[in-house]
Amino acid sequence: MSVTDKLTSRIPGLAERGERKDVVSVVKLHGVITPQASPLTRGAINLSAVESALTRAFDHERLKAVALLINSPGGAPTQSGLVAERIRQLADKKGVPVLAFAEDVAASGGYWLACAADEIFAHRTSLVGSIGVISGGFGFTGLLERFGVERRLHTAGENKSRLDPFSPEKPEDVEWLKKLHSQLHELFVTWVKERRGERLKGGEELFTGDVWLGANAVELGLIDGVGNLREVLAERYPDAEIAIAEPKKPLLAKLGLGAPAAASAVLDAVSTKAAWARFGL
């Protein structure tokens, strides 16, 4: 019992009026998972951006559970792993259940995050899964030739310039990338099997990078039920207070300063749009 609770309990009538409810914390994990967070926005998911929110969420004295509200098409595998592992560290330390709720998308890295929860729920129209690895880029060799630009690249180490977008693509570089993808894919699959265990109903088709709607995801054991945050929490914790754990707002955003450099902003916007567009959003 805290000092405040002790003092309150000694004052007749005040204990009843000041009775504090149990708490269910809600953490929003919305956006593309990327280490390159903008100093002006909070739309990106990475450990640095969500650490303060997670810490606050698990810090309540009367905490009954933590809910993750996930809407993410995925992104960087390392940041997906770091955030998921941090959630498990805090949950194990506090000894409380974690529930994940998918909104539009919990795919790829977004599903990696969802698997940090003890139970996963989704809307019947949510897209869930995409257990795979993807990377992409552009080749600019034709563009350089068109404008008469000469590429000058100097390296020490024969593999230092692998997949350089301004040089012709080499078959051996593509093969190296495929092996890297396979290793990352294996880590992803291992994590899903570890967290979902015997609840998984499907076979290897679960790990082809495909996605499923909420009801199909239940049948395959990727999630535990169809439902939204309000419905499930009202049923599980009818008397608990819902507390939204917000991350600290970036300093530049607090000051209301302008947007980042135009070129950088355009590239970030295109990259973000492409990540969502893979799921028709």
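## Aromatic pairs

Rings of Phe, Tyr and Trp (for Trp, the six-membered ring) count as a pair if their centres lie within 6.5 Å; planes under 30 degrees apart are called stacked, those over 60 edge-to-face, and the rest tilted. A search of the whole structure with this rule turns up three aromatic pairs. One of them joins W112 and W191, which are stacked with 6.4 Å from centre to centre and 25 degrees between the planes. W112 belongs to helix α5 and W191 to helix α7, so this pair ties together parts that are 79 residues apart in sequence. W112 and W191 are both buried, where buried means under 20% relative accessible area, exposed means over 50%, and partly exposed lies in between (1.4 Å probe, protein chains only). W112, W191 and F188 make up one aromatic cluster.

## About the model

This is a predicted model, in which local features need pLDDT of at least 70 and side-chain atom pairs count only at pLDDT 80 or more, while totals for chains, interfaces and linings use all residues. Residues are numbered from 1 along each chain as its sequence is written, and side-chain values use heavy atoms, leaving out hydrogens and water.

## Helix α7

Helices (H or I, at least four residues) and strands (E, at least two) are DSSP runs, numbered from the N terminus. Helix α7 covers residues 171-196. How far apart are the end C-alpha atoms of α7? They are 37 Å apart, which agrees with the 38 Å that its 26 residues should span at 1.5 Å a residue; the expected span is 1.5 Å times one less than the number of residues.

The buried residues of α7 are D173, H181, F188, V189, W191, V192, R195 and R196. Among the elements that cover them are α4 (77-94), α5 (109-114) and β4 (119-122). After α7 comes G197, with a positive phi near 55 degrees.

## Salt bridges

A salt bridge here is a side-chain nitrogen of Lys or Arg within 4 Å of a carboxyl oxygen of Asp or Glu. The count by this rule is eight. In one of these bridges, the closest N and O atoms of R195 and D118 are 3.8 Å apart. This pair links distant parts of the chain, with R195 in helix α7 and D118 in the loop between α5 and β4, 77 residues apart. R195 is buried at 18% relative accessibility, whereas D118 is partly exposed at 28%. R195 and D118 also belong to a network of salt bridges with R88 and D92.

R162 lies in the loop between α6 (141-146) and α7, so the pair ties together parts that are eleven residues apart in sequence. D173 is buried, with a relative accessible area of 8%, while R162 is partly exposed at 28%.

D224 and R199 form a further salt bridge (3.2 Å, N to O). D224 sits in the loop between α8 (214-219) and β7 (225-226), and R199 in the loop between α7 and β6 (211-213), 25 residues away. D224 is partly exposed at 28%, and R199 is partly exposed at 27%.

## A nonpolar patch

Which residues form a nonpolar patch on the surface? They are L143, F147 and V149, with about 300 Å² of accessible area together. Patches are made of residues with over 30% relative accessible area and no salt bridge, with like charges joined within 9 Å and nonpolar side chains (Val, Leu, Ile, Met, Phe, Trp, Tyr) within 5 Å. Accessible areas come from the Shrake-Rupley method with a 1.4 Å probe, and for residues only the protein chains shown count as cover. V149 is found in the loop between α6 and α7 and is partly exposed, with a relative accessible area of 45%.

Terms used
Contact = heavy atoms within 4.5 Å.
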